[in-house]
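Have the sequence and the model open as you read.

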Amino acid sequence: MTQTLTLWRPTGPKELELVQATGWRRWPPRLPDQPIFYPVLNEDYAVRIARDWNVPASGVGYVTRFEVDAAFAARYPVRQAGGDTILELWVPAEELEEFNDHIVGTIEVVREFR
């Protein structure tokens, strides 16, 4: 059985629509000004971003959760973006398709803020 790593991603409504269009299985390509795809390693950090950044920017923020093959995910560095629990996995935009291929199961919305 594949060992998985649980990741979260704070998501706005436009990105969530694109995820839904894939059957909840893939993240959309990054925009030209987004060189990194960065899911986060804990739900609390994702909640803070969805609530404090996505809501003011677009009126709604979602927290999504998904599993990725842990052995595959280990190739990407974990970056500390602030305090001890502010941890992100940094996936270069050009590797996102391959990263998507290693998602186990579906991407699910676990929280919504308005």
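## The pocket

Sort the lining of the largest pocket by class and you get 12 nonpolar, 5 polar and 4 charged residues. Here Ala, Val, Leu, Ile, Met, Phe, Trp, Tyr, Cys and Pro count as nonpolar, Asp, Glu, Lys and Arg as charged, and the others, Gly among them, as polar. That lining has 21 residues, with Arg9, Gly12, Glu15, Arg30 and Gln34 nearest the pocket's centre. Helix 2 (43–58) gives the most, 5 residues, while strand 1 and helix 1 each supply at least two.

The volume comes to about 510 Å³, meaning the space filled by probe spheres set on grid points that are joined across faces, edges and corners. A pocket is an open set of points on a 1 Å grid over the protein atoms alone, where a 1.4 Å probe fits, with protein on both sides within 12 Å along at least five of seven lines; lining residues have an atom within 4 Å of a point.

## What you're looking at

This is a predicted model, and local features need pLDDT of at least 70, side-chain atom pairs count only at pLDDT 80 or more, and totals for chains, interfaces and linings use all residues. Residues are numbered from 1 along each chain as its sequence is written, and side-chain values use heavy atoms, with hydrogens and water left out. Helices (H or I, at least four residues) and strands (E, at least two) are DSSP runs, numbered from the N terminus.

The largest nonpolar core has 15 residues, and Trp27, Phe66 and Phe99 have the most contacts inside it. Such a core is a set of buried Ala, Val, Leu, Ile, Met, Phe, Trp, Tyr and Cys residues joined through side-chain atoms within 4.5 Å; buried means under 20% relative accessible area, exposed over 50%, and partly exposed in between (1.4 Å probe, protein chains only). Strand 3 (61–69), helix 3 (70–73), helix 4 (96–101) and strand 7 (103–113) each give two or more residues to this core. Another core, of 11 residues, lies apart from it and includes Tyr45, Ala46, Ile49 and Val55.

Which residues does Phe99 touch, beyond those up to four places away in sequence? They are Leu7, Phe37, Pro39, Phe66, Val68, Phe72, Tyr76, Leu89 and Val91, where contact means heavy atoms within 4.5 Å.

Helix 1 spans residues 13–21, and its buried residues are Glu15, Leu16 and Val19. They sit on the same side of helix 1 because they cover an arc of only 100° around the axis, taken from the directions from the helix axis to the C-beta atoms. They pack against strand 1 (4–11), strand 3 and strand 7. On the other side, Lys14, Glu17 and Ala21 are exposed.

After helix 1 comes Gly23, with a positive phi near 80°. Trp24, in the loop between helix 1 and strand 2 (36–37), also has a positive phi, near 65°, and isn't a glycine. Trp24 is partly exposed at 24% relative accessibility.

Buried or exposed: what is Ile107? Ile107, in strand 7, is buried at 2% relative accessibility. Leaving out neighbours within four places in sequence, its contacts include Val19, Trp24, Trp27 and Phe66. Its C-alpha is 5.8 Å from that of Arg65, 42 residues away in sequence.

Val110 is in strand 7 as well, but is partly exposed, at 28%. Beyond four places in sequence, Val110 touches Trp8, Glu43, Val63, Thr64 and Arg65.
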